[in-house]
Amino acid sequence: MNPENKKAARERRAAEKEREKKRKTGKLLALIAVIVLAVALLLWGLSRSGTSGAGKSGQGSETESQSQDGQNKEQKDSSQTKDKKTSSSNTNQTDSAKTDPDYKAQKGDTAVIHYIGKVGDTAFYGGTGDYDLKLGSGSFISGFEDQVIGHKKGETFDVHVTFPANYRSSYAMKQDGQADTSRPITLAGTEATFTVTIQEIK
């Protein structure tokens with residue numbers, strides 16, 4: 001057999017092996033698909049038989065129960081719709097009340113404030129800023145939020161607090177808002193005054 005015939009024979013055998021491999025793979029995939037389908041049908045059949053009830057004697061009470069459940073659901077849906085309307089109406093009333101110039105901040109409101117903190121006459125670094133303060137949340141130093149409650153949008157007033165004994169130190173604040181590291185300020189246990197302006201009440 002000449003070399004060209006040998007090469008052709010090898011190529012034919014390789015091609016036949018490849019076709020055989022593809023046939024076997026196809027059969028295996030088909031078998032897996034059949035098994036998956038059979039399991040799915042079995043599970044579906046079991047779930048159907050489990051929900052079909054305990055026979056005719058149970059069907060009457062099941063129908064009555066379904067009817068009662070339907071009525072309860074309708075009543076619940078109706079009640080929830082009324083509650084949503086009432087809640088929405090109350091929210092709208094509360095929101096519109098907060099835009100009234102005479103509205104006073106209450107616990108639970110969010111006061112958008114600008115504040116400047118001072119120890120004596122010296123503004124301290126970190127004591128000035130803007131903040132959306134949820135009144136009653138305890139976000140600020142004890143007593144701060146209580147003194148914001150009762151004030152109106154646009155009002156500027158002083159809040160007097162004493163820093164906790166373990167509060168960090170700071171520095172005097174320069175005109176440009178930066179820390180003046182040559183002038184340290186002890187805040188722990190110190191009385192401070194914050195000048196607060198309420199910009200908005202939400």
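Student: Leaving aside neighbours within four places in sequence, which residues is threonine 110 in contact with?

Tutor: This is a predicted model, where local features need pLDDT of at least 70, side-chain atom pairs count only at pLDDT 80 or more, and totals for chains, interfaces and linings use all residues. Residues are numbered from 1 along each chain as its sequence is written, and side-chain values use heavy atoms, with hydrogens and water left out. Contact means heavy atoms within 4.5 Å. Threonine 110 touches Asp132, Leu133, Lys134, Glu200, Ile201 and Lys202.

Student: Is threonine 110 buried or exposed?

Tutor: Threonine 110 is found in strand E1, residues 110-119. Strands are DSSP runs of at least two residues, numbered from the N terminus. Buried means under 20% relative accessible area, exposed over 50%, partly exposed in between (1.4 Å probe, protein chains only). Threonine 110 has 17% relative accessibility, so the class is buried.

Student: What is the relative accessible area of isoleucine 185?

Tutor: Isoleucine 185 sits in strand E5, residues 179-185. Setting aside neighbours within four places in sequence, its contacts include Val119, Phe124 and Tyr171. Isoleucine 185 is buried, and its relative accessible area is 12%.

Student: Which strand gives the largest share of the lining of the largest pocket?

Tutor: A pocket is an open set of points on a 1 Å grid over the protein atoms alone, where a 1.4 Å probe fits, with protein on both sides within 12 Å along at least five of seven lines; lining residues have an atom within 4 Å of a point. By class, this lining has nine nonpolar, three polar and one charged residues. Four residues, the largest share, come from strand E2 (residues 122-134).

Key
Nonpolar A, V, L, I, M, F, W, Y, C, P; charged D, E, K, R; others polar.
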